[in-house]
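Please walk through this protein with the sequence and the coordinates open side by side. The account below goes from a helix and its surroundings to the neighbouring helices and then to the aromatic rings.

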Amino acid sequence: HVGLPAEVVLPDPVEDLCLAQHPARVAHEEAQQLELGGRQADLAAAARADSVLSVGDLTMDEDSHEVRRGGDLIPLTATEFELLRFLMRNPRRVMSKAQILDRVWSYDFGGRSSIVEIYISYLRKKIDAGAAPMIHTVRGVGYMIKAAG
């Protein structure tokens, strides 16, 4: 005895269209889109927050390349920005000249570590001008950045 075949129901395109446009379904889909948009906005805000480095009253927005101390905009060259970024990603850690050369200049500068001293001097003139110093020399070891005070 063979079982009876199951009844096959073909979808009605007109009924599907009516259901798709039903106010409750439209409201549900809009709510899902708003929720997804909200999550994307939250992720974008988190990404922006991750791109802002802060040490004391010094902030660096890695996306816009803006650096501020106490709210005042500080213009920096590309190299000064990279040097400051490296220091700010490692607050309160002494970074050697060799580490700085490797990270900021990305190649062996042929023993010209004095370039680090020169750029640290440029940064100090801009970052520490008229304020408590943030960039510190640790004699015989390297440089560090920490909140003033």
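The buried residues of H3 are Glu80, Phe81, Leu83, Leu84, Arg85, Phe86, Leu87 and Met88. The model in which they are seen is a predicted one, and this applies to every value that follows. Because 8 of the 11 residues of H3 are buried, the helix is largely enclosed by the rest of the structure. What do these buried residues pack against? Their partners are strand E1 (52–55), strand E2 (58–61), strand E3 (66–69) and strand E6 (142–145), together with the helices H4 and H5.

For orientation, the protein has 5 helices and 6 strands, and their order along the sequence follows the pattern α-α-β-β-β-β-α-α-α-β-β. Of its 149 residues, 25% count as buried.

The axes of helix H3 (residues 78–88) and helix H4 (residues 97–105) come within 9 Å of each other and cross at roughly 125 degrees. An angle of that kind makes H3 oblique to H4, and the crossing is right-handed. On the side of H3 the contact is made by Thr79, Glu82, Leu83 and Phe86, while H4 contributes Gln99, Ile100, Arg103, Val104 and Trp105. Sorted by class, the residues of this contact are 5 nonpolar, 2 polar and 2 charged. Leu83 and Phe86, which take part in this contact, are also among the buried residues of H3.

H4 also meets H5, and here too the axes come within 9 Å, crossing at roughly 80 degrees. Angles from 65 to 115 degrees count as roughly perpendicular, and H4 and H5 are therefore roughly perpendicular to each other. The residues that make the contact are Lys97, Ile100, Leu101 and Trp105 of H4, and Ile115, Val116, Glu117 and Tyr119 of H5. By class they divide into 6 nonpolar and 2 charged, with no polar residue.

The structure holds 2 aromatic pairs. In one of them, the rings of Trp105 and Tyr119 have their centres 5.5 Å apart and their planes at 70 degrees, so the pair is edge-to-face. Since Trp105 lies in helix H4 and Tyr119 in helix H5 (residues 114–127), this pair ties together parts that are 14 residues apart in sequence. Both Trp105 and Tyr119 are buried.

The other pair joins Tyr119 to Tyr122, with ring centres 5.1 Å apart and planes at 75 degrees, so that it is edge-to-face as well. Both of these tyrosines lie in helix H5, 3 residues apart, about one turn of the helix. An α-helix has 3.6 residues a turn, so residues three or four places apart point the same way.

Trp105, Tyr119 and Tyr122 together form one aromatic cluster.

Definitions and conventions
Residues are numbered from 1 along each chain as its sequence is written. This is a predicted model: local features need pLDDT of at least 70, side-chain atom pairs count only at pLDDT 80 or more; totals for chains, interfaces and linings use all residues. Side-chain values use heavy atoms; hydrogens and water are left out. Axes are lines fitted to C-alpha atoms, for helices over the stretch in contact, and angles run from 0 to 180 degrees between N-to-C directions. Helices (H or I, at least four residues) and strands (E, at least two) are DSSP runs, numbered from the N terminus. Angles under 35 degrees count as roughly parallel, over 145 as roughly antiparallel, 65 to 115 as roughly perpendicular and the rest as oblique. A crossing is left-handed if the near helix is turned anticlockwise from the far one by less than a right angle, and right-handed if clockwise. Contact means heavy atoms within 4.5 Å. Ala, Val, Leu, Ile, Met, Phe, Trp, Tyr, Cys and Pro count as nonpolar, Asp, Glu, Lys and Arg as charged, and the others, Gly among them, as polar. Rings of Phe, Tyr and Trp (its six-membered ring) pair if their centres lie within 6.5 Å; planes under 30 degrees apart count as stacked, over 60 as edge-to-face and the rest as tilted. Buried means under 20% relative accessible area, exposed over 50%, partly exposed in between (1.4 Å probe, protein chains only).
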